[in-house]
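Please look through the sequence and the model first, and then read on.

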Amino acid sequence: MNTRARFTRMESSTKEDWGLIVPEFAKMASSLADRVLAHLRLLDGDFGGFPVDRLTHSLQTATLALKAGRDEEYVVCALLHDIGDTLGTYNHPDIGAAILKPFIGEANHWMVQHHGVFQGYNFFHHLGMDRNMRDMFRSNPHYEHAAEFVDLFDNAAFDPHADFLPLSDFEDMVRRLMADPKNTIYKVPIDQQAAPR
Ligand SMILES: [Fe+2]
Ligand SMILES: [Fe+2]
């Protein structure tokens, strides 16, 4: 039996073709969290001159959020907020926000997407930049939510002597969150996901 569709142009694809593709999509979707976690591990040993490597910073941010009683969605946002550092040198917050977007609410998405400009309040002035750049968002309803994330968690997560939880303590949280996409155009009906090959 064919394991690949036969069309050469998308417009000529058939329902049978999609009967082959959709189960593959479902397989990819079910292992998304594992790929995201593998990518997060790329931050291990990546210091970039900082006092802690970027994986440690991510784990400290998530640990602080968890210990402050934040819910699982928020803790996963804290864990993944800097995952874009490897590919998004000039816009790392956009990468984490895009990965998380199908699974989180608007406030947390805005928080992750804009955390960089809020963290800038703590250091932009050392670089000749405007530490108050975040003020451009002052009227946004999620301003305080993002400012608080940086103040309480992102800002405080650079301590080489801090105790923090290992990545294994957060892995199931990432898996649970990514098993339930709420905001996506690619909502494939369950009966099609189970289509025979
Ligand atoms: Fe960041
Ligand atoms: Fe950060």
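The structure is a predicted model, in which local features need pLDDT of at least 70 and side-chain atom pairs count only at pLDDT 80 or more, while totals for chains, interfaces and linings use all residues. Residues are numbered from 1 along each chain as its sequence is written, chains are lettered from A and ligands numbered from 1 in the order in which they are written, and side-chain values use heavy atoms, with hydrogens and water left out.

## Overall fold

The protein has 9 helices and 0 strands, where helices (H or I, at least four residues) and strands (E, at least two) are DSSP runs numbered from the N terminus. Along the sequence this gives the pattern α-α-α-α-α-α-α-α-α, and the C-alpha trace spans about 60 × 35 × 30 Å along its principal axes. Of the 197 residues, 38% count as buried; buried means under 20% relative accessible area, exposed means over 50%, and partly exposed lies in between, with a 1.4 Å probe and protein chains only.

The accessible surface, from the Shrake-Rupley method with a 1.4 Å probe, comes to about 11,300 Å², of which 55% belongs to carbon and sulfur atoms. There are 19 positive and 28 negative side chains, and the centres of the two sets lie 7 Å apart; Lys and Arg count as positive and Asp and Glu as negative, while His and the chain ends are not counted, and each charge is placed at NZ of Lys, CZ of Arg, CG of Asp or CD of Glu.

## The metal site

Which residues coordinate the iron ion (ligand 1)? Its donors come from Asp82 (OD), His92 (NE2) and His115 (NE2), at 2.0 to 2.1 Å, and donors here are N, O and S atoms within 2.8 Å of the metal (3.2 Å for Na, K and Ca), with water not among the atoms, so sites may look incomplete. Along the chain, these donors follow the spacing D-x9-H-x22-H. Asp82 lies in the loop between helix H4 (72–80) and helix H5 (92–100), whereas His92 is in helix H5, so the pair ties together parts that are 10 residues apart in sequence. Asp82 is buried at a relative accessible area of 6%, and His92 is buried as well, at 19%. Asp82 also coordinates the iron ion (ligand 2), which is 3.6 Å from the iron ion (ligand 1).

## Helix packing and aromatic pairs

In helix H8 (residues 168–178), the buried residues include Phe170, Met173 and Leu177, and the buried residues of H8 pack against helix H2 (32–41), helix H3 (54–67), H4 and H5. In H7, Tyr143, Phe149 and Phe153 are among the buried residues, and the buried residues of H7 pack against H3, H4 and H6.

A search of the whole structure finds 8 aromatic pairs. Rings of Phe, Tyr and Trp (its six-membered ring) pair if their centres lie within 6.5 Å, and planes under 30 degrees apart count as stacked, over 60 as edge-to-face and the rest as tilted.

| Pair | Centre to centre | Angle between planes | Arrangement |
|---|---|---|---|
| Tyr74 and Phe149 | 6.1 Å | 70° | edge-to-face |
| Tyr74 and Phe153 | 5.8 Å | 75° | edge-to-face |

Because Tyr74 lies in helix H4 and Phe153 in helix H7, their pair ties together parts that are 79 residues apart in sequence. Tyr74 counts as buried at 3% relative accessibility, and Phe153 is buried with a relative accessible area of 3%. Elsewhere, Trp110, Phe118, Phe137 and Tyr143 form one aromatic cluster.

## Two single residues

Val117 is found in helix H6 (residues 106–119) and is buried, with a relative accessible area of 12%. Leaving aside neighbours within four places in sequence, Val117 is in contact with Phe124, Met133, Arg134, Met136 and Phe137.

Is His125 buried or partly exposed? His125, in the loop between H6 and H7, counts as partly exposed at 34% relative accessibility. His125 and Leu165 are 40 residues apart in sequence and 32 Å apart in space, C-alpha to C-alpha.

Notes: Contact means heavy atoms within 4.5 Å.
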